[in-house]
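Biologist: I would like to learn how to read a model like this one. Could you walk me through it, starting with a single residue and its surroundings?

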Amino acid sequence: MLTIKILLAEDVHMVRGALVALLELEPDLQVVASVPRGDLIVTSALEARPDVAVIDIDLPGVDGLTAAAELHDRLPDCRTLILTSLGRPGTLRRAMAARVSGFLLKDSPPNRLAQAVRSVAAGQRVIDPELALSAWEAPDNPLSPRETQVLRLAARGADAAEIADHLFLTQGTVRNYLTAIVDKLNARNRIDAIRIAEEAGWIP
């Protein structure tokens, strides 16, 4: 029997321990590395050489999708399976853009995780059917990449001056972007625009 080597990335210690125990109950699965932060995924994977990386989407350091995209570039033979507690259509679309192999909700039955790891390791794509349908029916993100960057920084509490410094723009340009964002999302104000974009999964 071939053993599938797994890297697990989950920031909540108890959850990470439970997932490791769950996966290692399976005779063909072996967790060769487990990390609590997204910025440790690639270096750990390069050392442990897992077949599949099971990655929580919300991680400190680097978010799960960013880490998954980097992992694909640095270790293309390693498949990635994203775990999330929020099945937002926009998040699934970002996951697909990051070239992940699977996308699974955390409240899936335990045996579903083991089977998903096996399927992903075999080169198949695993996506929750209901989530896939909602992503298909969801509207496209109306924001440009630059507008998405501006709104992401605003969601983190940055004001116009800080956003301008970070993106090498003038404050006037940032204000114009924020006005355009509010208009495009039919939002009442900047806070409402952030809420709409976060609920749709358009900003991480």
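Predicted model: local features only at pLDDT ≥ 70, side-chain atom pairs only at ≥ 80, totals over all residues.

Biologist: Where is E10 found, and is E10 buried or exposed?

Modeller: E10 sits in the loop between β1 (4-9) and α1 (13-24). Buried means under 20% relative accessible area, and E10 has 1%, so E10 is buried. The E10 side chain also reaches the backbone nitrogen of V12, at 2.9 Å.

Biologist: Now a helix, please. Which residues of α3 are buried?

Modeller: In α3 (residues 64-74), the buried ones are G64, L65, A67, A68 and L71. Looking down the axis of α3, these buried residues fall within an arc of 160°, so they line one face of the helix. Check the start of α3 too: a side-chain oxygen of D63 comes to within 3.1 Å of the backbone nitrogen of L65.

Biologist: And the nonpolar cores? Which residues have the most contacts inside the largest one?

Modeller: The largest nonpolar core has 23 residues, and V150, L151, I163, V174, I181, L185 and A193 have the most contacts inside it. Two or more residues each come from α7 (145-155), α8 (160-167), α9 (171-184) and α10 (190-200), with α10 giving the largest share, five residues. Another core, of 22 residues, lies apart from this one and includes A33, V42, I55 and A95.

Biologist: What does I181 touch?

Modeller: Not counting residues up to four places away in sequence, I181 touches L143, E147, V150, L151 and A193.

Definitions and conventions:
Residues numbered from 1 in each chain as written. Heavy atoms only, no water. Buried < 20%, exposed > 50% of the residue type's maximum accessible area, 1.4 Å probe, protein only. Helix = DSSP H or I, 4+ residues; strand = E, 2+ residues; numbered from the N terminus. Arc of directions from axis to C-beta. Polar contact = N/O pair within 3.5 Å; in protein donor to acceptor, adjacent residues only side chain to side chain. Core = buried A, V, L, I, M, F, W, Y, C linked by side-chain atoms within 4.5 Å. Contact = heavy atoms within 4.5 Å.
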